[in-house]
Amino acid sequence: MKTLSIKVKGAILSVVILLLCLSIWHMATTQKITPPPGISTNSSEYNSLMGQGGSEPVQKTGFPTLTQMGQTIYKQLSHPFYDNGPNDKGIGIQLAYSLARVGLGFLLAMIVAIPFGFWIGMSPLAYEAFNPFIQILKPISPLAWMPIALYTIKDSSISGIFVIFICSVWPMLLNTAFGVANVRKELLNVAKTLEVSPLRKAFLVILPAAAPTILTGMRISMGIAWLVIVAAEMLVGGTGIGYFLWNEWNNLSLSSVIFAILLIGIVGMLLDTAFGKLQKAVSYAD
Amino acid sequence: MQIENTFLKVSNLSKSYKADAPPVFEGIDFEIEKGEFVCIIGHSGCGKTTILNVLAGLEDATGGDAIMLGKHIQGPGLERGVVFQGHALMPWMTVLQNVAFAVKSKYPDWSKEQITEHSKKYLAMVGLVNAETKKPSELSGGMKQRVGIARAFAIEPKMLLLDEPFGALDALTRGVIQDELLKICKETNQTVFMITHDVDEAILLSDKIMLMSNGPNARIAEIVVNTLPKGRKRANLHHDAMYYPMRNHLVDFLVNRSKDLQVKGAKGELDGYKPVVVLPGVDTAIA
C-alpha cells in the first residue's frame with residue numbers, strides 16, 4: 001500500500017464508494033414493500049393467497065432496482081439514435097439537440113462578449129457607463145427571460161438558444177473586461193515604446209495576457225449554460241435531454257430519469273474538462 | 001547651433017503630480033552627447049524614474065522640454081530603447097519570440113528569416129544562444145534581464161534608457177552583465193541614460209554621473225565627470241588612483257550633501273541654479 005500514489009489510492013476508494021452506494025441501492029430497492037394504502041388488508045391477504053405480492057423480493061413499481069436500471073442503460077445505449085416520431089427519440093439525438101443549442105448560444109455569447117469585454121476593459125469610461133446595466137442583468141435567472149424570448153422570437157427552439165446566450169454572456173463579458181483591464185502596465189509600456197500598432201497590440205499583447213482570465217470566464221459560462229439548458233428544455237419541450245428527462249417522468253419511467261441525470265452529469269464533466277484543458281493551454285507562468 | 005550639435009538636450013524640466021504639492025523635481029537641465037554613457041544617482045523619490053519615463057515618452061513633464069536630435073520628445077518611439085526595472089518580458093513568448101517581437105516592430109518589412117537572424121545575433125551578444133526556446137519563467141533573474149537588454153539593443157535605438165536594470169540581481173550576476181553591457185556599448189557606440197543606486201556601477205559604466213538632490217524640489221545638484229580612464233574593468237577598477245576620490249565624492253554627496261539643495265529649493269532660493277561640474281581627484285573644489 002505504501003508504494004501506491006495518492007491518485008491510485010483515491011481511485012481505489014472511489015470504486016469502493018461506488019460499490020457501497022450501489023449495494024445500498026440494491027438493498028433498498030429489493031426489500032419487501034408494504035402494501036399500497038389503496039389496497040385493504042383483505043385484498044392484501046387475497047393477493048397473498050393468490051401467490052401475488054407478499055414476501056417476494058420483487059418490486060413492480062416505484063424506484064427501479066439495479067437490474068432494471070442496467071436494462072434501461074443497455075436499451076438506451078444500444079440504440080442511441082433511433083427516431084420514432086416527436087415523443088420517442090434516442091438519447092443520442094436528444095443529447096445532440098441539447099449540445100447544439102448550448103454550442104450555438106455559447107458561440108453567439110462569445111462573439112458578443114469577448115469584443116465587447118475587450119472594449120470596456122480598455123476604456124474605463126465605457127466600463128463605468130455599462131457596469132450598472134451589467135450588474136443588474138447579471139443576477140437575473142436566465143429562465144426569467146423565457147417568456148419575453150418566446151413572445152418576441154415566437155420559436156421555442158431559438159428561445160432556448162437565446163436563454164443559453166443570455167446566461168453565458170455575463171461571466172465571459174466580465175472576465176474579459178477584467179483580464180484586459182489588468183494586463184501588466186509594464187507590458188503595455190513595452191508595446192508603447194516599440195510603437196506597436198493597436199491591432200497588433202490587441203492580438204499579440206493584450207489577448208494572450210488576458211487569455212487565462214477570459215478562458216476562466218468561458219469555463220464558468222459553459223458550466224452555467226449546461227445547467228440552464230436542462231431547465232429550459234423542460235420548459236419549452238420538444239427535443240433535448242431536458243425534455244427527455246421530463247417526458248420520462250411523465251411516463252413514470254424513473255430508471256430513464258436516472259439514466260438522463262447520469263448522462264447530464266457525465267456530459268457536464270466532459271465539457272468542464274475540455275475547458276480546463278483549454279485553460280491550461282493558454283495560461284503562462286510569470 | 002548649440003541645439004543642433006547636442007544629441008539630447010533637457011531644459012528646465014519639472015514634474016508635479018498635484019497642483020498644490022511642491023514639484024517632485026524642477027529646473028532639470030542637462031545634455032547628453034552621442035555615444036556618452038550617463039548615469040543618474042539620487043535617493044528614492046527624487047524623480048529619477050520620472051525623468052527616464054519622460055525621455056522614453058511614457059510620461060509627460062509638467063514643464064520644460066526634452067529635445068533629441070532637434071526634435072521634441074513626444075510619446076514613445078522606436079529610436080529610444082527602454083530596459084525596464086522588472087524585465088517586462090512577455091511571459092507567454094519564448095526568449096527568441098520576445099526579441100523577435102521587438103525586431104518585427106522596428107522592421108515590419110523584414111522576412112521571418114531576417115528577423116530571426118537579427119534577433120539571434122543580439123541574443124548571442126548577451127550570451128543567451130542556448131536559451132532562445134525557453135520561456136521567461138524558466139530563466140534566472142539575470143538571464144531575464146539579459147533578454148530585456150538584447151531586446152532593447154535589437155531595435156538599434158539611437159538612445160538606450162535603462163531603469164535600474166540590475167537592481168534585483170545578485171552581485172556576481174550583476175558584475176557579469178555590467179561587463180557585457182560595457183562591451184556592447186563600446187562596440188555599438190551606444191548613447192545610454194541609466195538610473196542606478198550603485199555607486200560602483202556608475203563609476204564602472206558611465207562617462208558622466210548626474211547627482212540628484214532629494215525630492216520634492218529635487219534638482220540635478222552636480223554633474224560629475226568620470227575621472228577614471230576609459231577602458232575600465234571591474235577587476236582592477238579599485239586599483240585606479242582616481243577610484244577613491246571619485247567614490248568618496250559620490251558617497252559623500254549621497255550621505256551628506258543631497259539634502260542641502262532641497263531646503264533651499266523649497267524656499268525658492270534656487271531659481272536659475274546651474275549644476276556644478278566636478279572632476280573628483282582632479283579638481284576637488286565644490287561650490
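## Chain A

Helices (H or I, at least four residues) and strands (E, at least two) are DSSP runs, numbered from the N terminus. By that count, chain A has eleven helices and zero strands. Its elements run α-α-α-α-α-α-α-α-α-α-α from the N terminus on.

This is a predicted model: local features need pLDDT of at least 70, side-chain atom pairs count only at pLDDT 80 or more, and totals for chains, interfaces and linings use all residues. Residues are numbered from 1 along each chain as its sequence is written, while chains are lettered from A and ligands numbered from 1 in the order in which they are written.

Chain A has 286 residues, and 30% of them are buried (20 or more other C-beta atoms within 10 Å of the residue's own, with C-beta atoms placed from the backbone). Take its contacts (C-beta atoms, placed from the backbone, within 7 Å) between residues at least 6 apart in sequence: 71% join residues at least 24 apart.

## Where chains A and B meet

Chain B gives 19 residues to the contact, and chain A gives 15 residues. On the chain B side, strand 6 (80–83) and helix 3 (95–106) each give two or more residues. Helix 3 of chain B has the largest share, three residues.

That side of chain B divides into 13 nonpolar, four polar and two charged residues. Nonpolar means Ala, Val, Leu, Ile, Met, Phe, Trp, Tyr, Cys and Pro; charged means Asp, Glu, Lys and Arg; the others, Gly among them, are polar.

## B:Ser16

B:Ser16 lies in the loop between strand 1 (8–15) and strand 2 (25–32) of chain B. Beyond its neighbours within four places in sequence, B:Ser16 contacts B:Ala21, B:Pro23, B:Val24 and B:Thr62.

Key. A residue is buried if 20 or more other C-beta atoms lie within 10 Å of its own, exposed if 12 or fewer, and partly exposed in between; C-beta atoms are placed from the backbone. Two residues are in contact if their C-beta atoms, placed from the backbone, lie within 7 Å.
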